[in-house]
Amino acid sequence: MPRLPPSLFWKARQQISPFAPILLPVCRTLDSAANELRWIKQHVNSTSSLVPRKLRIWQACLKRERGMPLQYILGTQPFGPLEILCRPGVLIPRLETESIIYHLSSLIPRPSPQAPPLKILDLCTGTGCIPLLLSSLLFPARTQITGVDISPSAISLSRQNLTHTISLRHLSPSASKSINFTQADIFDLKFLPSLGYKPSELDILVSNPPYISHHGFNTTTERSVRLYEPRLALVPQIHPTSHYNCEPEDIFYAHLLEIVRTLQPKRVLFEVGDLDQAARVVAMVVRGKGFLERYARNVEVWRDEPGVGLEGKAEKMWVGGNVEVEVKGQGRGRGVYFWRE
Ligand SMILES: C[S@@+](CC[C@H](N)C(=O)[O-])C[C@H]1O[C@@H](n2cnc3c(N)ncnc32)[C@H](O)[C@@H]1O
């Protein structure tokens, strides 16, 4: 990354504020530094403290200079129409996740008011952003959603997020009854029976699991992510009892497919890191035995913006030399979606 000229620091000080030069190395441009400083000031103004205002702005700018993500400093991140609380120790919701969840919701036929609520399970829920967004898009009264995470901090934050979104009126109060968050390790043998679903009863299984390799984490992940976001959320921890024959970064998908085999949900969406990982996950679905055959003909790969068309050109991917799968949208490979007949 090129070094910034001293004149830019001088301009930041003269044109924006004495705090702006602190933000420049991480923001890189005057516009971006001005925006971040405005958000930091708004945040400081909206929170009460005995510490003087200017000192709090300065402290926030220093945290940012050290690379702390802005969402951890401001304490929130927009996710669709929702405001999601963010805390160090829990992964910050990403725009790409929001985009594939919007697309998923656009494919779900709206149940009639008399129909039973759609049963939805989100494994590896983090802040709870996926259950909360799906509830807001598909309506709390028409959904029954469970979010699961191994991390006590994530579960505590997801519950706070449920209360927070209701208190902001982003979700109706009935969401407090139709969404619940449970702490569990999805690799634990007692986990699935504890949920109490009968086979084929689940409408949607969704998961954005840890999916980055150790090498990718050390070489390609941004410094601020490596330093401040939880590794547990990003790199799969190899479970002592795991017996899967796959790349270490794909281990959650192998296990999630065991869960699909048992629960046989109507629709499944997994977030993935790129097209190569998407191809490996598709191969696991189409070659899978024992009920996975029910999904094998209905598999799609989604890019970051799966709803953005390519003007009539359908993009295809060949998996294992003989299975053709449609790749939808624009951007990086981001999701694998499949459904049963
Ligand atoms: C990539 S983050 C996704 C968070 C959230 N769904 C989102 O999209 O922002 C993965 C999450 O998986 C959780 N996790 C890691 N191992 C787990 C396990 N064995 N069982 C359940 N959750 C796990 C982490 O705590 C983390 O919150």
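At 0% relative accessibility, F338 counts as buried, a class that requires under 20% relative accessible area with a 1.4 Å probe and protein chains only. The model is predicted, so that local features need pLDDT of at least 70 and side-chain atom pairs count only at pLDDT 80 or more, whereas totals for chains, interfaces and linings use all residues. Residues are numbered from 1 along each chain as its sequence is written, and side-chain values use heavy atoms, with hydrogens and water left out.

The structure holds six aromatic pairs, where rings of Phe, Tyr and Trp (its six-membered ring) pair if their centres lie within 6.5 Å, and planes under 30 degrees apart count as stacked, over 60 as edge-to-face and the rest as tilted. One of them joins F270 and F338 edge-to-face, at 5.7 Å centre to centre with 80° between the planes. Because F270 lies in strand β7 (residues 267–271) and F338 in strand β11 (residues 330–339), this pair ties together parts that are 68 residues apart in sequence; strands are DSSP runs (E, at least two residues) numbered from the N terminus. The rings of Y295 and F338 have their centres 5.4 Å apart and their planes at 90°, so this pair is also edge-to-face. Y295 likewise counts as buried, at 0% relative accessibility. Ring pairs link Y253, F270, Y295 and F338 into a cluster.

Elsewhere, the ligand is surrounded by 21 residues, each with a heavy atom within 4 Å of the molecule. A polar backbone atom of C124 is 2.8 Å from a nitrogen atom of the ligand, and a backbone N or O atom of I150 lies 3.1 Å from a ligand nitrogen atom.

Methods:
Helix = DSSP H or I, 4+ residues; strand = E, 2+ residues; numbered from the N terminus. Buried < 20%, exposed > 50% of the residue type's maximum accessible area, 1.4 Å probe, protein only. Polar contact = N/O pair within 3.5 Å; in protein donor to acceptor, adjacent residues only side chain to side chain.
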